[in-house]
Amino acid sequence: MNIVYLSLGSNLNNPLLQVKTAINEIQNSSQITLLAASSLYETPPIGPKQPNFINAALKIGTTLSPLQLLKITQGIEALHQRERTIHWGPRTLDIDLLLYNDETIDHPDLTIPHPFMHQRAFVLVPLLEINPSLSTSMHGALSNHLNHLEDRFDIIPIADSPLQNIKMNKSR
């Protein structure tokens with residue numbers, strides 16, 4: 001079983017519902033087991049003026065290869081009418097593969113560890129909620145990076161956790 005960390009975000013078309021629905025869709029895949037889900041967070045956008053995001057992180061187990069998993073997550077984004085028109089622009093759903101085991105992957109369609117994860121509080125806050133001691137060979141302890149990000153103070157937890165309506169699949 002491969003251990004993978006994902007980041008989810010949305011700031012269009014009822015972002016809270018977009019993220020919760022995506023979590024259900026991810027866990028409903030026959031080759032994915034949801035192991036942990038962070039709280040939901042409201043976060044300011046990076047890039048052009050746009051609404052705030054709802055972000056979360058997931059820890060999953062899967063038998064899928066990284067590229068197979070990317071295809072599934074991009075399919076879920078497509079179900080949510082994800083459009084890639086403005087760099088760092090608004091989106092109905094964004095699902096990023098952050099870590100895949102301890103592997104380093106440099107493929108034209110996928111880079112793991114995610115190249116900017118250590119620079120983004122909206123990724124690190126939910127990710128470190130799931131695993132506070134998470135580190136990578138490329139970035140070291142991720143908590144050390146969070147301590148240097150000033151926007152970590154702009155991350156607002158939302159009382160409505162994605163786990164309230166999601167049944168964890170510890171085994172299949």
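This dialogue walks through how to read some features of the predicted model above.

Reader: What kind of model is this, and how are its residues numbered?

Author: This is a predicted model, where local features need pLDDT of at least 70, side-chain atom pairs count only at pLDDT 80 or more, and totals for chains, interfaces and linings use all residues. Residues are numbered from 1 along each chain as its sequence is written, and side-chain values use heavy atoms, with hydrogens and water left out.

Reader: How many helices and strands does the protein have?

Author: Both are DSSP runs, numbered from the N terminus: helices are H or I with at least four residues, strands are E with at least two. Here there are 4 helices and 10 strands. From the N terminus, the order is β-α-β-β-β-α-β-β-β-α-β-β-α-β.

Reader: What span should helix α1 have?

Author: The expected span is 1.5 Å times one less than the number of residues. Helix α1 covers residues 15–27, so its 13 residues should span 18 Å; the end C-alpha atoms are 18 Å apart, which agrees.

Reader: Which residues of α1 are buried?

Author: Buried means under 20% relative accessible area, exposed over 50%, partly exposed in between (1.4 Å probe, protein chains only). An α-helix has 3.6 residues a turn, so residues three or four places apart point the same way. In α1, the buried residues are Pro15, Gln18, Val19, Lys20, Ala22, Ile23, Ile26 and Gln27. Their cover includes β1 (2–10), β4 (53–62) and α2 (66–79). Across the protein, buried residues make up 49% of the 172 residues.

Reader: Is His139 buried or exposed, and what does His139 contact?

Author: His139 sits in the loop between β8 (135–136) and β9 (140–141). Its relative accessibility is 13%, so His139 counts as buried. Contact means heavy atoms within 4.5 Å. Leaving aside neighbours within four places in sequence, His139 touches Pro113, His114, His118 and His145.

Reader: Where is Glu150, and is Glu150 buried or exposed?

Author: Glu150 lies in the loop between α4 (142–146) and β10 (156–158). With a relative accessible area of 70%, Glu150 is exposed.
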